[in-house]
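Hi,

Here is the structure I promised to pass on.

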Amino acid sequence: MDEIQIAIAERVAEEQRHHKKAQFFWVWGALLILTAIEVYLTYQNMAPAKMLTILLGLSFIKAALIIGFFMHLRYEVSLMKWLTMCSVVGCFIIMTLFMLWDAQRVVTLGVH
Amino acid sequence: MADHVVPHDIPSVYEPSLFGTYSKKIGMWLFLLSDSLTFGALLYAYTYSRISTANFQGQTPFHSESIVNATIMTAFLLTSSLTMVLAVRASVQKDQKNQTLWLLATMLCGAGFVILHGREWTHLIASGMTLPMFPAPPGQEINPDFARVAKDVPQFASTFFTLTGMHMLHVTLGIVYLGVVALRKKFIPILLLLWLVAWLGTPSYSPFHYGAHVILLAAIVCAIVVWLKPKVYDSSDVEVAGLYWHFVDLVWMFIFPLVYLMSAKIL
């Protein structure tokens with residue numbers, strides 16, 4: 001690494017030295033609890049659409065916790081946060097739109 | 001294009017990093033963003049197969065036993081993420097001993113995940129959920145439920161094995177990556193030993209028999225990297241490795257509910 005890169009890495013490390021250990025345990029606990037809720041819901045025989053909505057919602061919360069705390073994105077500068085998240089979300093929206101038309105047709109006509 | 005350097009007296013000017021961090025980390029984030037699209041495409045393929053196949057719903061083979069197994073696998077991955085973040089914390093505090101210990105703990109949790117996943121794959125294939133490249137072992141009694149799934153809903157086996165196989169490959173490579181960061185060149189002989197154990201310890205019909213060669217390939221690549229650029233990995237290297245590891249965990253947070261929980265047949 002050149003000197004500039006070393007200086008930036010050192011500054012980033014300095015910022016991370018102040019992160020509290022306890023917060024990582026809290027996040028880990030929250031992730032385990034959310035997983036337990038997901039498994040509990042599996043045994044409740046819900047309608048598939050309702051269950052899918054809830055499970056996806058919980059998955060997005062878990063993803064946000066992992067990205068924000070474990071991957072440290074919440075401590076990055078705004079440009080980094082917004083550019084990375086908006087680009088990936090944008091790509092997934094495009095993928096969803098492509099699939100949605102056919103999925104809608106299948107759901108309307110039924111698969112059975 | 002200019003093919004020579006023009007000497008001048010202008011001093012070099014460096015712009016501050018646009019993203020406020022070092023290039024290696026930005027590079028890893030860009031890789032992870034592109035990799036997330038790969039997994040996204042595989043998840044969409046799985047979902048599309050599911051909603052467009054009449055027999056898919058209600059025929060998937062995940063009973064309580066599979067759900068318990070997948071839940072333990074999830075716990076392993078979540079715990080590995082905690083140990084990974086503690087390794088990063090130790091590295092920024094220049095605590096070399098704890099950094100290595102937490103990295104090894106992360107690798108151990110990752111290995112637990114791979115072993116449980118491998119056991120599940122072996123059970124599914126042995127029970128009759130086969131693909132042309134994953135044939136059932138000779139002389140094994142086929143479970144009619146699994147054989148029906150393989151026959152009536154072939155999309156399930158193909159999308160399931162592709163998606164989870166791709167994820168298992170990422171976890172395996174993640175373990176190798178962390179091993180190199182933690183132990184550097186000392187990890188190469190360990191990798192070669194693991195390859196021999198995985199290759200010789202699995203029967204020839206098992207997908208893990210030839211899949212073990214991934215470890216050999218990884219050992220060769222790691223040996224070249226360590227030989228060409230020997231260095232002590234610092235906190236930035238550990239953090240970048242951590243980003244990769246957390247991403248693997250992140251992807252599983254979608255595979256677990258969409259593939260396992262949504263397909264559970266609780267009896």
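Predicted model: local features only at pLDDT ≥ 70, side-chain atom pairs only at ≥ 80, totals over all residues.

**What I found**

Residues are numbered from 1 along each chain as its sequence is written, while chains are lettered from A and ligands numbered from 1 in the order in which they are written.

**Where the chains touch**

The contact takes 45 residues from chain A and 44 residues from chain B (in contact: C-beta atoms, placed from the backbone, within 7 Å). On the chain A side, helix 1 (3–16), helix 2 (21–42), helix 3 (48–70) and helix 4 (78–109) each supply at least two residues. Helices here are DSSP runs (H or I, at least four residues), numbered from the N terminus. Helix 4 of chain A gives the largest share of that side, 12 residues. By class, the side of chain A that touches chain B has 31 nonpolar, nine polar and five charged residues (nonpolar: Ala, Val, Leu, Ile, Met, Phe, Trp, Tyr, Cys and Pro; charged: Asp, Glu, Lys and Arg; polar: the others, Gly among them).

**A helix pair in chain B**

The axes of helix 1 (residues 23–52) and helix 9 (residues 235–260) of chain B come within 10 Å and cross at roughly 15 degrees. Axes are lines fitted to C-alpha atoms over the stretch in contact, with angles from 0 to 180 degrees between N-to-C directions. That makes helix 1 of chain B roughly parallel to helix 9 of chain B (angles under 35 degrees). By class, their contact has 14 nonpolar, two polar and four charged residues.

**Two loop residues in chain A**

N45(A), in the loop between helix 2 and helix 3 of chain A, has a phi near 50 degrees, a positive value in a residue other than glycine. N45(A) counts as exposed, because it has 9 C-beta neighbours inside 10 Å (exposed: 12 or fewer other C-beta atoms within 10 Å; buried: 20 or more).

H72(A) sits in the loop between helix 3 and helix 4 of chain A, and its phi is near 65 degrees, also positive in a non-glycine residue. H72(A) is buried, with 21 other C-beta atoms within 10 Å.

Cheers

Note on methods
Parallel < 35°, antiparallel > 145°, perpendicular 65-115°, else oblique. Contact = placed C-beta atoms within 7 Å.
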